[in-house]
Every structure is written in C-alpha cells, then in structure tokens.
Amino acid sequence: MSTNENGEQKPRVPVLEGWFTHTDDKPHLLGTQCKGCGTYYFPKQTSYCKNPACDSEHFEVVELSRTGKVWSFTNACYQPPEPFVSPDPFVPYTIAAVELEKEKMIVLGQVISGVDVSDLKAGMEMELVLDTLFEDASSQKITWKWQPVANAQNSKGAKP
Amino acid sequence: MSRDVVILGVGMHPWGKWGRNFVEYGVKAARDALKDAGVAWRDVGFVSGAATMRCGYPGYVAGATFAQALGWQGAEVNTSYAACASGSQALAAARAKIQSGACDVALVVGADTTPKGFLAPQKGERPDDPDWVRFRLGITNPTYFALYARRRMEMFGDTQDDFALVKVKNAKHGFVNPNARYKKCFTAEDVAASAMVADPLRLMDICATSDGGAAVVIASETYARKLGVRNAVKIAAISTVTPTYASAVIEMPDLATDSGAVVEAHSFRAALPIKAYEEAGLGPKDISVAEVYDLSTALELDWMEDLQLCERGQAAQLVRDGVTTVGGRLPINPSGGLACFGEAVPAQALAQVCELTWQLRGQSGERQVANAKVGITANQGLFGHGSSVILKR
C-alpha cells in the first residue's frame with residue numbers, strides 16, 4: 001500500500017540521499033567527474049582522484065548518462081539478507097549491469113518489475129527510471145532501476 | 001645463497017559443517033602439517049595466520065590464536081586478512097620472512113567456522129560502505145557470479161549444460177577426496193533439478209560456505225637440506241598484485257566499475273597470473289594442474305582463460321572434451337574445488353596449496369594427476385584483488 005494509516009499518499013523518499021536526481025521524469029544517477037583528468041565516479045568520489053596518473057582533489061558533481069547498453073543480467077530468486085527490506089512474501093526481481101557509453105562504466109541496478117531474464121539480451125538499450133525499493137510505515141523508499149527502452153515506448157514504464 | 005622456499009609439510013581438517021570452534025580445525029591442520037614436515041613445533045620461528053571475521057576476536061588475531069593454541073613457544077606471529085585471498089597473503093608473509101633470512105621455518109594456518117545462508121554485511125545504517133549499500137539494493141554475492149556466467153553465455157555461447165558439466169566433473173574429483181565436504185557423484189540432471197538462485201546459476205552451480213582448516217609448513221631450502229629433505233615442492237611464485245585502474249569488470253561489492261573514459265580499463269583476474277608466471281619463469285604451457293576458485297561453475301571457466309590455459313571463450317569446449325577431468329590433459333580442481341568443499345574463507349587458498357603439494361608429490365591417490373610437475377592456484381578477494389601461487393616439483 002502506498003498510503004499511510006490516514007489514507008494519505010506516502011511521500012517518496014530516495015533510499016540513498018544524493019545518489020540520483022528525482023525531481024522530474026528523466027532521472028539521472030549523480031556521480032562526480034575529476035576536474036584534473038576527466039574520469040567519472042559512481043558513487044561520488046570527492047576527496048582525491050583514484051587514477052594513479054592524476055593528483056587532482058577537485059571534482060564536480062555530474063549527472064551520468066541515463067541510458068546505456070546491457071552488459072549482463074540475472075535475477076534474485078531468494079530473499080537477500082538485511083539491510084534488504086523484502087515484501088512478505090518475497091518477490092523475485094531481475095538485475096542488470098548496464099554499460100554507459102560516455103562514462104565507459106558499468107552500473108548495476110534492479111530492472112523494473114514485469115521484465116524477466118528472458119526479455120533481456122546483451123547490448124539491449126536500457127534507460128534509468130525511479131521505482132519503489134520498499135515501503136515502511138511513513139514513506140516509499142525509491143531507487144534507480146533499469147528499464148528496456150522498448151518498454152518505455154510502450155508506456156509500461158514506472159511513473160516518476 | 002639460495003632464496004628458494006620449499007613446502008615441507010601440509011595438513012587439513014576435513015571441510016564440513018561441524019559447528020565447532022575454528023581454532024580446533026586450525027590446530028588439527030597445523031599438527032598434521034608439522035608431522036608431515038617432520039618439524040617439531042618448538043622449531044617454528046614464525047606463525048602466519050589467515051584471519052576470519054566471523055569468529056570474534058580470536059579470529060582477528062588468528063596468528064597469535066593458533067600459536068597460543070599450539071602452546072606458546074616464543075615464535076613471532078603475523079595475521080593476514082584479504083577475504084578469500086587471506087591464505088595466500090599469510091603464505092606470502094611467511095615466505096618473505098624466510099627469504100629475508102629472519103627465520104628458517106614457518107607455519108601458515110587458516111581455519112573458519114561459518115554461519116548458515118548468504119554471507120551478510122555488518123549491521124547498522126552504513127550508506128558509506130559499498131557492501132552495505134549493495135545488500136540494501138538487493139545485490140548479493142550470487143548476483144555477481146551470475147552476471148559473469150550470463151556474460152559468457154552472451155559472448156561465447158556457453159550454456160547452462162556446460163556449467164553443469166563443471167559441477168559433474170568437480171563432484172567426480174571430490175568423491176575420492178577424504179577432505180571434501182560433499183562426496184557424491186552428482187549428475188547433470190541433479191544440477192538441472194536444483195533450485196534457481198540467480199539465473200543462469202542454480203543452487204548446485206554455486207559454492208556453499210563451510211567449516212574447515214588448512215596449514216602449510218614452509219622453510220628455506222637450506223633448512224630443508226639440513227633436515228635431509230631433497231626434492232621438496234618449491235614455491236615458484238606468489239602473486240598478490242592489485243588491479244590497475246581502471247577496473248573493467250564489476251567486482252563484488254561494487255555497484256559500478258571504474259570509468260574507462262580517460263584510461264584503458266583492465267581485468268584484474270587476467271593481471272594476477274601474469275605476475276605469477278613472470279616470477280616463476282614459467283608459462284601457461286608448463287602447467288600440469290590447476291586449483292582455481294570456482295565460487296560458481298562458470299567462474300572456473302573464466303579462471304581457465306585468465307590463467308591463459310586456453311583462448312578466451314574456449315574453456316567450455318575443454319570441459320566438454322574431458323580435458324579438465326583427472327585423466328585429461330589439464331585437470332582443473334582435482335581436489336573437487338569449492339564445489340565439493342564449500343568456502344572456508346581463510347583456509348581456502350591454503351587448501352589449494354595443500355592439494356597441489358600432494359599432487360606434485362604424487363600422493364593424491366585416486367585423484368592423482370599423472371606426472372604433475374607444475375601447479376597453479378587462483379583465487380579472489382573483495383574489490384577485485386586476489387592471489388595466484390605457482391608450485392613446482
């Protein structure tokens with residue numbers, strides 16, 4: 001249920017603060033880019049650059065590409081241990097590793113519900129959407145998930 | 001002066017789910033290794049322990065814990081922790097001590113008692129810890145193994161049947177290994193009938209967690225000669241090299257790879273053996289047997305290619321052809337591997353060394369690899385670091 005005990009809509013709260021934008025229907029992961037060498041980081045790196053050829057300590061927060069191509073994929077058939085919060089009963093979900101072309105970086109995430117392993121192929125175009133990870137008494141905790149671009153065109157996608 | 005370091009003795013406590021204190025397993029393995037070496041405990045100058053994070057304080061100071069349990073005799077101690085590579089790092093510390101001339105003979109021990117189920121992160125609300133974050137988002141250890149396995153299917157056309165063949169092969173090996181936990185000749189049908197955990201990997205494609213212990217006694221070659229031991233198995237190389245930025249493969253527990261946008265991306269698993277081969281002055285063609293970290297069936301295939309034992313994408317064909325079975329040209333995991341042992345984290349890298357030692361000495365009984373001369377191990381810790389050890393006769 002996405003309403004609280006008074007029947008009001010529960011607020012949508014990012015499960016991790018500052019990891020992604022969530023103000024419009026085109027969410028982005030928030031990473032950093034080194035001002036010295038230009039390499040990207042996700043999660044954000046803000047203290048020093050990890051490129052051994054770069055001494056920079058200066059970064060800017062950047063929105064990472066919100067589309068990429070499937071590198072690999074799997075699913076979770078068993079309930080993970082805490083701190084994962086599971087609905088009761090547990091509902092299996094699909095997971096994808098998606099390669100961002102500009103950043104040359106592979107990012108993991110759950111795939112929106114309704115997309116199975118059998119629907120995915122390496123190289124398939126995916127886009128970032130926001131969806132509920134879990135709900136507690138007061139809020140819906142939202143996270144990023146991957147969604148096949150083809151699904152978005154059929155408007156099956158998760159609402160912001 | 002020879003800087004060669006040799007293996008004088010090896011010992012193990014059988015793997016299982018015994019539920020006893022890890023120290024007991026370590027002591028049993030250590031006493032067996034000392035006996036095998038013909039070295040008195042009081043003559044050991046250095047005790048190098050591989051730590052366990054799951055057994056409280058004694059596990060954090062494993063070197064001292066084992067030294068105390070064996071009976072204080074004044075040896076120096078060291079403790080290493082590197083997740084699954086802990087045993088190799090403990091071995092590397094002991095070898096360095098001997099090579100520096102600071103001691104003649106050292107004992108290396110790792111043992112663990114594991115809880116049931118998924119390995120879980122530490123408690124609390126800790127968004128700074130990537131391990132905590134990935135579990136929060138529902139990314140478990142099998143997720144990573146499954147992503148690698150699926151990548152093989154997508155890139156090379158490997159099938160779930162190929163992965164099952166790896167399990168069947170390792171089960172056959174472990175069936176005749178008295179130290180293995182699972183001693184049953186599983187069939188491809190058994191694998192296919194086991195529950196899906198993380199598609200394409202089923203329960204029987206993924207290793208369990210076990211209790212167990214392993215120990216190795218190493219010495220300078222000069223000391224071995226004094227004992228009258230000749231032709232002892234030599235440690236030809238220990239590689240614990242870290243990856244080079246940028247890491248190309250998504251590694252546990254990370255949620256993203258490094259960015260390859262400004263520097264070339266590398267795979268750590270491929271880098272690890274290069275250093276080992278270089279140090280040993282040997283190449284992949286010299287290898288007669290390998291013990292690799294089969295956290296999953298499919299990962300064994302990745303390791304075969306990373307160790308350059310075959311071309312990228314060819315490993316499944318070798319398994320299909322029976323090349324990697326004992327009796328084949330290049331047996332992989334003659335011990336039965338993690339498939340038959342389950343993972344006892346700080347003991348596992350040492351168990352690989354024990355197995356190769358027995359193989360190179362010709363003491364492996366029914367699972368003996370004919371004329372084994374050079375063996376290589378490979379394993380991995382967290383964040384894409386690991387270890388590779390080469391032993392030669």
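**Entry 1: helix 3 of chain B**

I started just past helix 3 of chain B, where Gly71(B) takes a positive phi of about 110°. I am working on a predicted model, in which local features need pLDDT of at least 70, side-chain atom pairs count only at pLDDT 80 or more, and totals for chains, interfaces and linings use all residues. For my own bookkeeping, residues are numbered from 1 along each chain as its sequence is written, chains are lettered from A and ligands numbered from 1 in the order in which they are written, and side-chain values use heavy atoms, with hydrogens and water left out.

Helices (H or I, at least four residues) and strands (E, at least two) are DSSP runs, numbered from the N terminus. Helix 3 covers residues 62-70 of chain B, and its buried residues are Ala62(B), Gly63(B), Thr65(B), Phe66(B), Ala67(B) and Leu70(B). I take buried as under 20% relative accessible area, exposed as over 50% and partly exposed as in between (1.4 Å probe, protein chains only). The cover over these buried residues includes helix 1 (22-37), strand 2 (46-50), helix 2 (57-60), strand 3 (76-80) and strand 4 (105-112) of chain B.

**Entry 2: helix 10 of chain B**

Next I looked at helix 10 of chain B, which has 13 residues and reaches 19 Å from its first C-alpha to its last, close to the 18 Å expected at 1.5 Å a residue. That expected span is 1.5 Å times one less than the number of residues. I found Phe268(B), Arg269(B), Leu272(B), Pro273(B), Ala276(B), Tyr277(B) and Ala280(B) buried in this helix. They pack against several elements of chain B, among them helix 6 (141-156), strand 8 (233-239) and helix 11. Just after helix 10, Gly281(B) takes a positive phi of about 65°.

**Entry 3: two helix pairs**

How do helix 10 and helix 11 of chain B cross? Their axes come within 9 Å and cross at roughly 45°. Axes here are lines fitted to C-alpha atoms, for helices over the stretch in contact, and angles run from 0 to 180 degrees between N-to-C directions. The pair is therefore oblique; angles under 35 degrees count as roughly parallel, over 145 as roughly antiparallel, 65 to 115 as roughly perpendicular and the rest as oblique. On the helix 10 side I noted Phe268(B), Arg269(B), Ala270(B), Leu272(B) and Pro273(B), and on the helix 11 side Leu299(B), Asp302(B), Trp303(B) and Asp306(B). Contact means heavy atoms within 4.5 Å.

I then turned to helix 6 and helix 11 of chain B, which pack at an angle of about 65° with their axes 8 Å apart. These two are therefore roughly perpendicular to each other. From helix 6 I listed Tyr148(B), Ala149(B), Arg152(B) and Phe156(B), and from helix 11 Ala298(B), Leu299(B), Leu301(B), Asp302(B) and Glu305(B).

**Entry 4: Thr240(B)**

Thr240(B) sits in the loop between strand 8 and helix 10 of chain B. Thr240(B) is partly exposed, at a relative accessible area of 30%. Leaving out residues up to four places away in sequence, I see it touching Gln89(B), Leu272(B), Gly386(B) and Ser387(B). Its C-alpha is 12 Å from that of Thr377(B), 137 residues apart along the chain.

**Entry 5: a look at chain A**

Chain A has 1 helix and 9 strands, in the order β-β-β-β-β-β-β-β-β-α along the sequence. Its C-alpha trace spans about 55 × 35 × 30 Å along the principal axes. Of its 160 residues, 51% are buried.
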